[in-house]
Amino acid sequence: MPLRPQSVARVPNANSLPNDYTDTTSPPMNEQEQYVELIADELGWDNPRARLAEAIESGSFSLYGQEIVDIRNNTRLGFEVLVRMREEENLLLPPGAFIPILEHFSMMPALDQWVVDSAALIANVEPKATMYFVNVSAQTLTDRGFIGQLGQVAARFPSAVKLLCFEIDEHDARALHDETGQFVSAVKAAGFRLALDHFGKGRVSFELLKQVHADYVKLDSGLVLAMGRGDAVAVAKLRAIHRVCRSIGIAPIAQCVESDEVCKRLAQLGIDYAQGYHFSAPAPIEIPVVPNVA
């Protein structure tokens with residue numbers, strides 16, 4: 001589907017127009033619309049909304065997981081759940097190829113619901129107590145239908161309740177303060193856990209930690225990488241975050257850990273959990289097949 005031309009159309013003289021004339025000139029697309037159309041064109045999707053709706057309905061997605069490790073004893077705490085989309089010829093699309101389109105059409109709550117249901121099913125039958133960290137989009141934070149489903153998910157998958165942790169982006173938690181409060185209340189009422197993602201990316205707000213009642217904070221990757229380079233400010237910032245988190249019962253998780261040296265520095269700061277390619281790359285997670293009961 002080619003992009004619509006952005007040139008300015010010539011406006012005819014009003015006196016020369018027929019009485020029943022209607023101006024059908026399309027308004028110019030904004031940058032987001034252009035970006036979405038370019039992606040859809042590259043993928044060969046004539047109707048991206050319908051294509052993604054069908055993919056969600058049919059479960060044309062795959063789950064991947066990246067390990068979160070307790071660096072004190074090299075044991076697994078859990079996985080961060082990641083999503084790939086299956087296209088023809090077993091092609092797997094990364095999130096950057098379809099998430100912007102889902103966001104554009106306000107379809108993220110539908111995908112997030114599929115991910116939550118799938119992760120809960122996995123956790124419910126998993127013989128080992130492994131946690132699953134599921135990202136929640138800003139659109140989903142404000143979706144009452146999704147929030148209303150949390151209690152039902154807990155009832156359907158009781159063994160998964162303590163093993164499912166919802167990750168909220170720190171920026172979204174700030175920007176959507178009231179909606180985040182409602183979401184947090186529903187999550188806690190259902191018995192699930194919470195993590196605040198990208199914490200420490202900008203100004204650190206410890207008050208936000210108390211408001212969200214997080215069980216974990218995912219330390220921003222840029223902060224961890226800066227610490228690995230020996231940045232004194234990053235080290236001081238991580239030390240302060242760890243001290244406050246420990247005092248209020250929250251466990252920090254360092255993201256984007258890529259070397260044993262970074263692990264050693266984290267251990268010196270007292271940070272026990274870490275995630276990154278030093279431990280593992282994202283790997284497929286098999287979703288159990290539940291037989292239909294007539």
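How are helix 4 and helix 6 oriented to each other, roughly parallel or roughly antiparallel? In this predicted model, in which local features need pLDDT of at least 70, side-chain atom pairs count only at pLDDT 80 or more, and totals for chains, interfaces and linings use all residues, helix 4 and helix 6 are roughly parallel to each other, where angles under 35 degrees count as roughly parallel, over 145 as roughly antiparallel, 65 to 115 as roughly perpendicular and the rest as oblique. Residues are numbered from 1 along each chain as its sequence is written, and side-chain values use heavy atoms, with hydrogens and water left out.

The protein chain holds twelve helices and ten strands, the helices (H or I, at least four residues) and strands (E, at least two) being DSSP runs numbered from the N terminus. Of its 294 residues, 46% count as buried, a term that stands for under 20% relative accessible area, with exposed meaning over 50% and partly exposed in between (1.4 Å probe, protein chains only). Where contacts (heavy atoms within 4.5 Å) join residues of the protein chain at least 6 apart in sequence, 70% of them are between residues at least 24 apart.

The axes of helix 4 and helix 6 (residues 144-156) come within 11 Å and cross at roughly 15°; axes are lines fitted to C-alpha atoms, for helices over the stretch in contact, and angles run from 0 to 180 degrees between N-to-C directions. The crossing of helix 4 with helix 6 is right-handed, a crossing being right-handed if the near helix is turned clockwise from the far one by less than a right angle, and left-handed if anticlockwise. On the side of helix 4 the contact involves Pro109, Asp112, Gln113, Val116, Asp117, Ala120 and Asn124, which meet Phe146, Gln149, Val153 and Arg156 of helix 6. By class, this contact of helix 4 with helix 6 comprises five nonpolar, three polar and three charged residues, where Ala, Val, Leu, Ile, Met, Phe, Trp, Tyr, Cys and Pro count as nonpolar, Asp, Glu, Lys and Arg as charged, and the others, Gly among them, as polar.

A further helix pair is formed by helix 1 (residues 31-43) and helix 3 (residues 95-104), whose axes come within 10 Å and cross at roughly 135°. Helix 1 and helix 3 are therefore oblique to each other, and their crossing is left-handed. Helix 1 contributes Gln32, Glu33, Tyr35, Val36, Ile39, Ala40 and Leu43 to the contact, and helix 3 contributes Gly96, Ala97, Pro100, Ile101 and His104. Eight nonpolar, three polar and one charged residues make up the contact of helix 1 with helix 3.

Nine aromatic pairs are present in the structure, rings of Phe, Tyr and Trp (its six-membered ring) being paired if their centres lie within 6.5 Å, with planes under 30 degrees apart counted as stacked, over 60 as edge-to-face and the rest as tilted. The ring centres of phenylalanine 133 and tyrosine 216 are 5.4 Å apart and the planes stand at 65°, so the pair is edge-to-face. This pair links distant parts of the chain, with phenylalanine 133 in strand 4 (residues 131-136) and tyrosine 216 in strand 7 (residues 216-219), 83 residues apart; both phenylalanine 133 and tyrosine 216 are buried. The rings of phenylalanine 166 and phenylalanine 183, with centres 6.0 Å apart and planes at 90°, are likewise edge-to-face. Since phenylalanine 166 lies in strand 5 (residues 164-169) and phenylalanine 183 in helix 8 (residues 177-190), the pair ties together parts that are 17 residues apart in sequence. Phenylalanine 166 counts as buried at 0% relative accessibility, and phenylalanine 183 is buried with a relative accessible area of 0%. One aromatic cluster is formed by Phe146, Phe166, Phe183 and Phe192.

Most residues other than glycine have a negative phi. Serine 106, although not a glycine, has a positive phi of about 55°; serine 106 is placed in the loop between helix 3 and helix 4 (108-125) and is exposed, with a relative accessible area of 54%. Histidine 198 also has a positive phi, near 60°, and lies in strand 6 (residues 193-199), where histidine 198 counts as partly exposed at 28% relative accessibility.
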